[in-house]
Amino acid sequence: MIVTPLTKLLGIRIPVVQGGMQWVGLPKLVAAVSEAGGLGVLTALTQPSPDALRIAIRDTRKLTTKPFGVNITLLPTINPPDYEGYARAAVEEGIKIFETAGNNPGPLIKFFKSQGCIVVHKCTTIRHAKSAERLGVDVLSIDGFECAGHPGEEDIGGLVLLARAAKELKVPYIASGGIADARGLAGALALGAAGVNMGTRFMCTVESPIHHNIKEKIVASTEQDTVHIFRTLHNTARVFKNKVALEVVAIERKPAGAKFEDVRDLVSGNRGRMVYENGDPDYGIWSAGITIGLIHDIPTCAELLKRLESETEEIINGLHTTVLKSHL
Ligand code: NAD
């Protein structure tokens, strides 16, 4: 058993959070992660309305009695969602754990804390982590440049962020971005983290609701198969390097630069969603972290978390032995 402040706070067995993922964080996957001992997280904005989120929460409860959370991510969107409505609906449905991320999360964090909820806030700089700490978050999810989706604009890898977190943060933190196996989890624990957040790794599980072709594409890909879009729009996103992503980058590189309207049809979330539905990896934009270079199979969530737990314990015990030997 790997007991950490995260497992104790959230009431989970393994210090692993399945982070919010647009179009992926649906009841079946969330319940499977929680049943397997981690923390499953429903992605609020994947649901078309706060009322649909209520139904997704109830559907998840039918599949698990274990704790699970809800993610709300605040980023530029084509149609700005009713963030407050989603937040209120989830609290009213009895959700006690929230993952927040994105821009200006203050009001949302304050609301969840006023409702007695646990907040895990994901951020990509120590500066933002400290301001979230002042707002009273319970856990910080420190998101390194390796991550899928939005890594911020400062391009700092997880190793440095986590080492700084160890020295400078007061609340527990988990490592996010670049983690898909036991070496990642053991490394994160060595860096003082209370656990890890994994996204891309969970996309490639049996219970993940995306088309099998996309899971196979992840298995067949390497860490060189992602690319950043939206760099010039200051909304950088790491996505799978497919035809559409390369077209977006080419438009952004034009001497005149690009406005969001120039790429809007290519990048729309609804088009990306079709990738997961129809299994064509080139149909639209879809998020992927560089951990795709570490993912070689499609296990169930239970198999994945069991393996992660036992291999992490082996690594930690092995390190103890090595360190002891080297000091004899
Ligand atoms: P969408 O269709 O509204 O937009 C598609 C992409 O374009 C997103 O990455 C978005 O951030 C970006 N974008 C939209 N307007 C922009 C602008 N004016 N300038 C620069 N970039 C812009 O997004 P969607 O796929 O329907 O997702 C809805 C929301 O959920 C978005 O804010 C998205 O970023 C966010 N999201 C959440 C998660 C999560 O883990 N919860 C993951 C990915 C995206």
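A residue counts as buried when its relative accessible area is under 20%, as exposed when that area is over 50%, and as partly exposed in between. In this predicted model, His 211 has a relative accessibility of 27%, so His 211 counts as partly exposed.

His 211 sits in the loop between helix H9 (200-203) and helix H10 (212-220). Leaving aside neighbours within four places in sequence, His 211 is in contact with Val 275, Tyr 276, Glu 277, Asn 278 and Gly 279. Two distances involving His 211 are listed below.

Another part of the model concerns a pair of helices. Helix H3 covers residues 50-63 and helix H4 covers residues 83-92. The two pack at an angle of about 30°, with their axes 8 Å apart. Angles under 35 degrees count as roughly parallel, and H3 and H4 are therefore roughly parallel to each other. The crossing in which H3 passes H4 is right-handed.

Which residues make the contact between H3 and H4? On the H3 side they are Pro 50, Leu 53, Arg 54 and Ile 57. H4 contributes Gly 85, Tyr 86, Ala 89, Ala 90 and Glu 92. By type, the residues of this contact divide into 6 nonpolar, 1 polar and 2 charged.

How values were computed: Residues are numbered from 1 along each chain as its sequence is written. This is a predicted model: local features need pLDDT of at least 70, side-chain atom pairs count only at pLDDT 80 or more; totals for chains, interfaces and linings use all residues. Side-chain values use heavy atoms; hydrogens and water are left out. Axes are lines fitted to C-alpha atoms, for helices over the stretch in contact, and angles run from 0 to 180 degrees between N-to-C directions. Helices (H or I, at least four residues) and strands (E, at least two) are DSSP runs, numbered from the N terminus. Angles under 35 degrees count as roughly parallel, over 145 as roughly antiparallel, 65 to 115 as roughly perpendicular and the rest as oblique. A crossing is left-handed if the near helix is turned anticlockwise from the far one by less than a right angle, and right-handed if clockwise. Contact means heavy atoms within 4.5 Å. Ala, Val, Leu, Ile, Met, Phe, Trp, Tyr, Cys and Pro count as nonpolar, Asp, Glu, Lys and Arg as charged, and the others, Gly among them, as polar. Buried means under 20% relative accessible area, exposed over 50%, partly exposed in between (1.4 Å probe, protein chains only).
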